[in-house]
Amino acid sequence: MSLRKPAKEQPETFEFNQESLAAAKEIVKKYPKDKQQSAVMALLYIAQKQNGNWIPLAAMKYIGRFLDMPYIKVYEVATFYTMYNLSPVGKYFVQVCTTTPCMIRGAYKLVEACKEKISDNQNELSKNQNCSWIEVECLGACVNAPMMQINDDYYEDLDKEKTLKILEEILNGKTPKPGSYRGRVNNEPENNRKTLLDLKNA
Ligand code: FES
């Protein structure tokens, strides 16, 4: 796992823009009165989206005030979950799963590809400044291991060669097609189904 600590350089202030504010209010409405603190994870996610995919300390303080909860509680949540970035990441943010199912299917070959194409170290921008990578724990797509996430999309059934090609594309500002790179539809068996053949929608 990568070391998680807030960026040294932090903006002084943060506040939701109009769009984020509307989304945050909608989410808070879903919780009973005085239970609005339960919206903290969703609001952190909104803040991250607004702020180029990372959460400054000022945003945690802002969310604390927004939800009427202590800043330290927001900080605890933001620093615990790896889906929140505590320092700036590339426009293309690559997360390689290296938990056991992916690891035994070759996840460290994907890590090698990231080191070769993006940067030797995690959380470091590529030479052209548009990409960074980290190792993460299970992303819930183990059946399509090994896999990685780039921004909001999953790239699955990978090997080193395929990963290098995908990374080459994002380094050139393109968005490669997400999904299985062994031609599977979602997580269906390779070469079609072999069971439940009589059930059309199985
Ligand atoms: S172990 Fe990699 S997605 Fe679950």
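Predicted model: local features only at pLDDT ≥ 70, side-chain atom pairs only at ≥ 80, totals over all residues.
User: Start with α6. Which of its residues are buried?

Analyst: Helix α6 spans residues 107-117. Ala-107, Leu-110, Val-111, Ala-113 and Cys-114 are buried there.

User: Why do they end up on the same side of α6?

Analyst: They cover an arc of only 155 degrees around the axis, so they sit on the same side of α6.

User: What covers them?

Analyst: The cover includes two strands, β1 (92-97) and β2 (131-136). It also includes the helices α5 (100-104) and α7 (160-171).

User: Switching to Leu-44. Where is it?

Analyst: In helix α2, which runs over residues 40-50.

User: Buried or exposed?

Analyst: Leu-44 is buried, and its relative accessible area is 0%.

User: What does Leu-44 touch, leaving out residues up to four places away in sequence?

Analyst: Ile-55, Met-60, Ile-63, Val-74, Val-77, Ala-78 and Tyr-84.

User: Take Met-60. How many residues apart are Leu-44 and Met-60 along the chain, and what separates their C-alpha atoms?

Analyst: They are 16 residues apart along the chain. The C-alpha separation is 7.4 Å.

User: What are the relative accessible areas of Cys-114 and Cys-138?

Analyst: Cys-114 is buried at 0%. Cys-138 is partly exposed at 40%.

User: Back to β1. How many of its residues are buried?

Analyst: Six of its six residues, so the strand is mostly covered.

User: Which residues are on each side of β1?

Analyst: Tyr-92, Val-94 and Val-96 are on one side. Phe-93, Gln-95 and Cys-97 are on the other. Both faces are covered.

User: Why the every-other-residue pattern?

Analyst: In a regular strand, side chains alternate between the two faces of the sheet.

User: In what sense do β1 and β2 pair, parallel or antiparallel?

Analyst: Parallel, over six bridges. Within that pairing, Gln-95 stands opposite Ile-134 in β2.

User: And how many bridges join β1 to β3?

Analyst: Three, and these two strands run antiparallel. Strand β3 covers residues 148-150. There, Met-148 is the bridge partner of Val-96.

Definitions and conventions
Residues numbered from 1 in each chain as written. Heavy atoms only, no water. Buried < 20%, exposed > 50% of the residue type's maximum accessible area, 1.4 Å probe, protein only. Helix = DSSP H or I, 4+ residues; strand = E, 2+ residues; numbered from the N terminus. Arc of directions from axis to C-beta. Contact = heavy atoms within 4.5 Å. Pairing = 2+ DSSP bridges.
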